[in-house]
Amino acid sequence: MQLKKRISRVLKIKTSLLTNRATIVLMVMLLMPLFMALPQDIRDEDRRQIFNINQGWSYLEDHLPRVEDLPRSTKHWEKINLPHTWNRTDAVDQVPGYRRSASWYRKSLFIPASSSNLRYFLEFEGVNITSEVYVNGFLAGGHIGGYLGFSVDMTPFVKHGESNTILVRADNSYDPDVIPSQKSDFHIYGGITRDVRLNVLPVCRIDRLLIKTPSVSKKSAETIVDVALSNDTPLAAAAEVEVFLKDPGGKEIARKKVPLSILKGTSHTSISLPAVRNPRLWSPSDPALYTVNVTLRRPGQVPDVISDRFGYRWFEFKEHGPFSLNGERLLLRGTHRHEDFAGYANAMPDSLHRNDMKMIKEMGANFVRLAHYPQDPEVYKACDELGILVWDELPWCRGGIGGDLWKANTRRLLEEQMLQNYNHPSIIIQSLGNELYWLPDVAGGDNMDSLRAMIRELNSIAKKIDPSRVTATRKFTEGADLVDLVSPSMWPGWYSGVYKTFEKGINDARKAYKRFFHAEYGGDSHVGRHTENPIDGDGMAISEGWEENIKPQKVRNIAQLGDWSESYIVNLFDWYLRISEQADWLTGNAQWAFKDFPTPLRPGNAIPYINQKGLVDRAGKPKDAYYVFKSYWTTTPEFCYIESHTWTERSGPADLGREVKVFSNCDEVELFLADASQGKRARDIKAYPASGLSWKVKFAAGPNKLRALGYSKGSPVTADSVEILYSTRKNSEADHFELSSQPLPGGLLLVKATAVDRTGQRCLDYNERIYFTSDGGGALLVDEGTPTRSSVIEMANGSAQIEFKPERGSRGVIEVRNQDFKGAYLIVNE
C-alpha cells in the first residue's frame with residue numbers, strides 16, 4: 001500500500017495495519033531498545049502535562065516500507081538524540097547527490113498505570129517530508145509534508161504500566177505530489193528534524209487559541225480569542241471558560257468568563273475582551289508582547305490551562321509608496337534565512353535557531369523572509385521577542401502546478417501553516433510561493449491559466465484564515481493582480497546588468513506594480529578573496545595597477561564571469577544600501593541570504609554545493625559584507641571595521657595609493673598607518689564608497705599596521721586594527737604549493753595551503769580549485785561546507801585552509817594537490 005494511502009486512511013479512521021495480537025507482541029519484543037525512557041513526573045491526574053522526549057532515540061537507515069519487515073533488517077540501530085537528519089554530511093560531501101529515501105526511528109516510553117482518564121499525544125514540530133507513526137505496532141498517524149508540526153493520538157494503543165514502542169518512518173524521497181519541488185535550489189533534508197513532545201492531556205481540554213486583533217490604534221485595541229475545545233467523553237460536559245489578558249509587564253488588565261457545554265468531539269467558542277486603552281504597540285524598536293491565558297473549568301476536575309503571546313500592531317503597504325507600521329513609515333531592512341547550519345544541516349537545536357535571529361537583529365535588520373518554507377517554532381518566537389517582521393512562505397518553490405493530489409496537499413499545507421503561526425505579531429506577509437512556474441515537474445505544470453487559478457484559490461484560503469495579513473508571491477509577476485504584494489526578480493550587478501542600474505530598477509517596479517517589495521539581491525563571495533580594483537558599478541574590469549594603458553573590459557555576466565571576491569560584493573551592497581536608505585517611497589528590500597547554505601544544484605561553486613551569497617559563512621562567521629549592513633542599519637553599539645580582516649596580504653607598485661575602507665556607524669573615523677594619521681573623515685551615507693570613510697594609503701614594503709578610531713560627539717569610542725603584509729613586487733606564475741599549520745583551541749590544527757612562485761612569494765592571483773587529503777593518524781574535518789571544513793575548495797588569493805584533528809602519538813600526513821601541482825605534504829606528530 002502506498003504511503004499517502006496509508007496515512008490518508010489513518011487520518012480518517014485509526015485502523016490497525018496488523019490484526020494478529022501475537023505478531024504485534026513478538027514485534028514489540030524484537031524492537032525493544034536496550035533502555036527505556038520515562039518522561040519525568042507523569043502524574044495520575046486529569047491535567048495537562050508536557051514532556052520533551054528528544055533524548056534516547058534509535059535510528060535505522062533502512063528504507064523498509066512496512067513496519068512488520070523491521071525485525072528482518074540486517075542493519076544496525078544507532079543511538080541518537082533529536083533533532084536528527086540523515087543528510088547532515090552527504091548534502092555537501094563530494095559524492096554527487098544526497099540520500100533521498102526513508103529511515104526508521106524508535107523510542108521506548110514507559111507509561112505508568114493511571115486511574116485518570118488521560119489522552120496521550122505525540123507532538124512533532126516537523127518530520128521531513130512524509131511520515132508514519134506507529135505505537136506498539138499499530139499505525140497511529142502521520143503527516144504528508146515537511147516543515148510543519150502535527151500531533152498523533154497514541155491513546156488507543158497505549159499499554160499502561162508497560163513499555164510502549166514508538167516507531168516513526170520518515171521519508172524524503174522524490175514525490176511530485178508534495179511541495180517543495182526537488183528542483184528547488186536547496187536540499188530537502190530527511191529525518192525528524194525538530195523537537196518531539198509527549199503531551200498528556202485531559203479528556204476535556206483546550207486544543208488551540210487564535211488571538212485576533214481586528215481593530216488597533218494608538219488609543220485602543222480590540223481582542224477576540226477563538227478557543228477550540230475537545231471532549232473525548234461520550235456525553236456533553238458542563239464547563240466554564242475564563243480568559244485572562246496580561247500586559248507586557250505581566251499585569252492582568254482584563255478577564256472574562258463564559259459558561260458553556262462542551263459537546264462530544266470538537267467545538268469552538270469566541271470570546272471578546274474589553275478594549276485595551278492606550279495599548280503598548282508591538283514594533284521592531286519595542287516588541288511588546290501581551291499574554292492571553294485561557295482556563296477551562298469543569299466541576300470536580302483540575303482546570304486545563306494554556307496561554308500564548310501576541311502583539312497589538314497595524315500596518316500598511318501603501319500604493320506605489322512606503323510601508324507603515326502603527327501609522328509611521330518604516331523602511332523594511334531585511335535578509336533571508338534558510339534553516340541550516342554547518343555540522344547540523346536543518347536538525348538544529350533551538351539555541352542555534354535563536355542565535356541566527358540574534359545576529360540578524362544585531363546587524364540592524366528589522367525584517368526577514370523565511371525561505372522557502374515555514375521554519376522551526378523557535379524562529380517565530382525569537383522574531384516576536386526581538387522585533388523582526390516576517391515574510392512567511394508556503395513551500396511552493398518551483399516545479400509548476402501538479403495534479404489533484406498535489407493541489408489538495410498544497411491547500412492543506414497552507415491552512416496548517418497559517419493556523420500554526422496565527423498568533424505571531426511578527427508575521428505580516430504570507431507568501432504563496434516562489435518561482436512557481438520554473439522547471440515544471442509534470443507536463444503542463446507551467447500552464448499560466450492553471451497557475452493563476454491556483455494562486456487565486458490559495459489567496460482566498462489565506463484571506464479567509466487571516467484577512468489582516470498581506471499575501472505575496474516572488475517572481476510571479478504574471479499573477480500580480482491576484483495578491484496584495486509583488487516581488488519581481490531583480491539582481492542588477494549579479495545575474496544581469498550592473499549594480500548602478502539598481503535605482504532605475506526599483507523606480508520602474510514602483511510604477512509597474514501597485515505594491516512592490518524587493519526580495520532577493522546580492523551575489524556570491526568567497527571568504528578571503530579580494531582584489532585591488534573589483535569590477536565596478538558599470539560592469540567594467542579594471543587593471544590592478546601593475547599594467548599601464550590597459551583598457552577596461554566589460555564583464556557581461558558577473559555571476560558567471562566575475563571573481564566572486566568579497567571586494568566586489570561589498571561595493572555592490574554599499575551601492576544598494578546608499579540608494580535604499582535615501583528612497584523615501586521604498587517599502588524596503590531583503591538581501592539574499594543571511595547565511596551560506598547547501599544546494600544540490602551548484603557543484604561548481606568555489607565551495608562545492610554551497611550557495612555563497614551569505615553575509616556569514618555556513619558556521620555563522622561574518623564576512624566583510626555583514627559589516628556593510630551593520631554600518632547602515634545600526635547606531636549602537638558603536639563599531640568600526642577595516643576592510644578586510646581576511647585581506648592581510650596585498651601588493652602594488654611602490655608609491656601607489658591603495659584604497660582602504662572602514663565601515664562604521666560612528667560620526668567620524670580616523671585612520672592610522674602605524675602612528676601616522678591618514679586623516680579623519682565624517683560619515684555621510686550620501687557619499688560612496690563606505691559613506692565617505694575611504695582613504696588612499698601608500699603602504700611600505702613589508703608589514704603595515706592599520707588602526708581605525710571611531711568617534712562619537714568628538715570622543716573616541718571604538719577601534720579596529722589589522723596588519724597587512726605588502727609587496728612592491730608582483731608575483732610571477734604559481735610554481736608549487738606550500739603547507740603550514742598553526743594550533744587551534746581544542747587540540748585542532750589549522751592547515752594552510754599557499755600557492756607560491758619560484759621565489760616563494762604568495763601568488764595573490766591564484767584562485768584555482770584544490771583538494772586536501774590525509775593519511776595515517778588523525779583526520780581532516782570535512783563535509784561541512786565552510787571555508788575551513790571543506791576538502792575541495794577554490795583558493796582565495798593563493799590560499800586555502802582546512803582544520804585537522806591530530807591523533808596523539810600517531811603520525812599523520814596531509815596532502816594538497818590539484819591539476820596544476822601534484823602534491824605538497826605536511827607531516828604531523830613525526
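**Figure 1. The largest nonpolar core of the predicted model.** In this predicted model, the largest nonpolar core comprises 110 residues, and those that touch the most other members are Trp396, Phe573, Val662 and Leu706. The element that gives the most to this core is helix H9, residues 566–582, with nine residues. A separate core, of 32 residues, lies apart from it and includes Ile80, Leu82, Leu109 and Val152. As general background, nonpolar side chains in soluble globular proteins tend to be buried together.

**Figure 2. Contacts of phenylalanine 573.** Phe573 is one of the residues that touch the most other members of the largest nonpolar core. With neighbours within four places in sequence left aside, phenylalanine 573 is in contact with Tyr521, Gly522, Gln591 and Leu615, and also with Ala625, Val628 and Phe629.

Figure 3. Helix H7 spans residues 502–512, and its buried residues are Phe502, Ile506 and Ala509. These buried residues line one face of the helix, because they fall within an arc of 60° when H7 is seen down its axis. In an α-helix there are 3.6 residues a turn, so residues three or four places apart point the same way. The cover over the buried residues of H7 includes strand S27 (518–519), H9 and strand S30 (588–591). Lys504, Lys511 and Ala512, on the other side of H7, are exposed.

**Figure 4. The surroundings of isoleucine 192.** Isoleucine 192 belongs to the loop between strand S9 (162–171) and strand S10 (196–202). The residue is buried, its relative accessible area being 0%. When residues up to four places away in sequence are not counted, isoleucine 192 touches Trp57, Leu82, Pro83, His84, Tyr105, Phe124, Gly126, Val127 and Val168. The C-alpha atom of isoleucine 192 is separated by 9.1 Å from that of serine 131, and the two residues are 61 residues apart along the chain.

**Figure 5. The largest cavity.** The structure holds four cavities of 30 Å³ or more. The largest cavity has a volume of about 160 Å³. Its lining consists of 21 residues, and Asp175, Pro176, Val178, Pro180 and Ser181 are the ones that lie nearest the centre of the cavity. By class, this lining has eleven nonpolar, six polar and four charged residues.

**Figure 6. The second largest cavity.** The volume of the second largest cavity is about 90 Å³. Its lining is formed by Asn128, Tyr147, Phe186, His187, Tyr189, His338, Glu339, Asp340, Asn346, Tyr373, Phe597 and Pro598. Six of the lining residues are nonpolar, four are polar and two are charged.

**Figure 7. The second largest pocket.** About 830 Å³ of space lies in the second largest pocket. The pocket is lined by 39 residues, with Val527, Lys621, Thr646, Thr788 and Gln801 lying nearest its centre. Two or more residues of the lining come from each of helix H10 (624–633), strand S42 (749–756), strand S45 (792–794) and strand S46 (799–805). Strand S46 gives the most, with four residues. Classified by residue type, the lining of this pocket has 16 nonpolar, eleven polar and twelve charged residues.

Terms used: Residues numbered from 1 in each chain as written. Predicted model: local features only at pLDDT ≥ 70, side-chain atom pairs only at ≥ 80, totals over all residues. Heavy atoms only, no water. 1 Å grid on protein atoms, 1.4 Å probe; cavity = no way out; pocket = protein on both sides within 12 Å on 5 of 7 lines; lining within 4 Å. Points joined across faces, edges and corners; volume = space filled by probe spheres on them. Nonpolar A, V, L, I, M, F, W, Y, C, P; charged D, E, K, R; others polar. Buried < 20%, exposed > 50% of the residue type's maximum accessible area, 1.4 Å probe, protein only. Contact = heavy atoms within 4.5 Å. Core = buried A, V, L, I, M, F, W, Y, C linked by side-chain atoms within 4.5 Å. Arc of directions from axis to C-beta.
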